[in-house]
Amino acid sequence: MGPTKVIVKGAALYDAQSGKLIQDGLTTPQALQDYAAHHYIVLPEVDKAGKPWELDGQPVYCIRGARYETLDDHQPHLARCPDCGGMGIRVDEVTLERDCIRCTQCGHEFDARLEMMES
């Protein structure tokens, strides 16, 4: 069992499964990050503009820094776009010899393995 997945509504955190209030009064993104760092919770992934990632209408969470999960514990193959920070999804084209990822927000295509090696 992993950390509690939460959603952000206004200045409050709610349990994503039950909707129960966890903490209120977190007015800045930094306050949200600080609270999450000191409690066993995980915030939804967001792009550089602060827009949350969604896959099939569900928030996406990053578990242990490398694995992405949806609210129903589905583990899709996703990657962060190096340009906008948006959600990149694998392109399923059999003609490609590489692991091509396309950002759902800006449309940028990149190779996830190449991006990891460069960073």
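Against which strands do the buried residues of α1 pack? They pack against β1, β2 (12-15), β3 (21-23) and β4. Before continuing, note that this is a predicted model, in which local features need pLDDT of at least 70 and side-chain atom pairs count only at pLDDT 80 or more, while totals for chains, interfaces and linings use all residues. Residues are numbered from 1 along each chain as its sequence is written, and side-chain values use heavy atoms, with hydrogens and water left out.

**Stop 1: helix α1**

Select L32, Y35 and A36, the buried residues of α1. Buried means under 20% relative accessible area, exposed means over 50%, and partly exposed lies in between (1.4 Å probe, protein chains only). Helices (H or I, at least four residues) and strands (E, at least two) are DSSP runs, numbered from the N terminus. Viewed down the axis of α1, the buried residues fall within an arc of 100°, so they line one face of the helix. The arc is taken over the directions from the helix axis to the C-beta atoms. Now select A37 and H38, which are exposed on the other side of α1.

**Stop 2: the nonpolar cores**

Next, select V6, L13, L26, L32, Y35, A36, I41 and L43, the eight residues of the largest nonpolar core. Helix α1 (residues 29-38) gives the most to this core, with three residues. A nonpolar core is a set of buried Ala, Val, Leu, Ile, Met, Phe, Trp, Tyr and Cys residues joined through side-chain atoms within 4.5 Å. In soluble globular proteins, nonpolar side chains tend to be buried together.

Centre the view on L43. Leaving aside residues up to four places away in sequence, L43 touches V6, V8, L13, L32, Q33, A36 and Y61; a contact means heavy atoms within 4.5 Å. A second, separate core has seven residues, including W53, L55, C62 and Y68.

**Stop 3**

Select E45, in the loop between β4 (41-42) and β5 (54-55). Is E45 buried or exposed? At 14% relative accessibility, E45 counts as buried. Beyond residues up to four places away in sequence, its contacts are K51, P52, W53, V60, Y61, C62, Y68 and R80.

A salt bridge is a side-chain nitrogen of Lys or Arg within 4 Å of a carboxyl oxygen of Asp or Glu. R80 is partly exposed, with a relative accessible area of 35%.

**Stop 4: further salt bridges**

How many salt bridges does the structure hold? It holds five. One of them joins D73 and K5, with the closest N and O atoms 2.8 Å apart. D73 lies in the loop between β7 (67-70) and β8 (78-80) and K5 in strand β1 (residues 4-9), so the pair ties together parts that are 68 residues apart in sequence. K5 is buried, at a relative accessible area of 9%.

Then select E109 and R102, whose salt bridge has its closest N and O atoms 2.3 Å apart. R102 is partly exposed, with a relative accessible area of 33%. To finish, select K5, R67, E69 and D73, which salt bridges that share partners join into one network.
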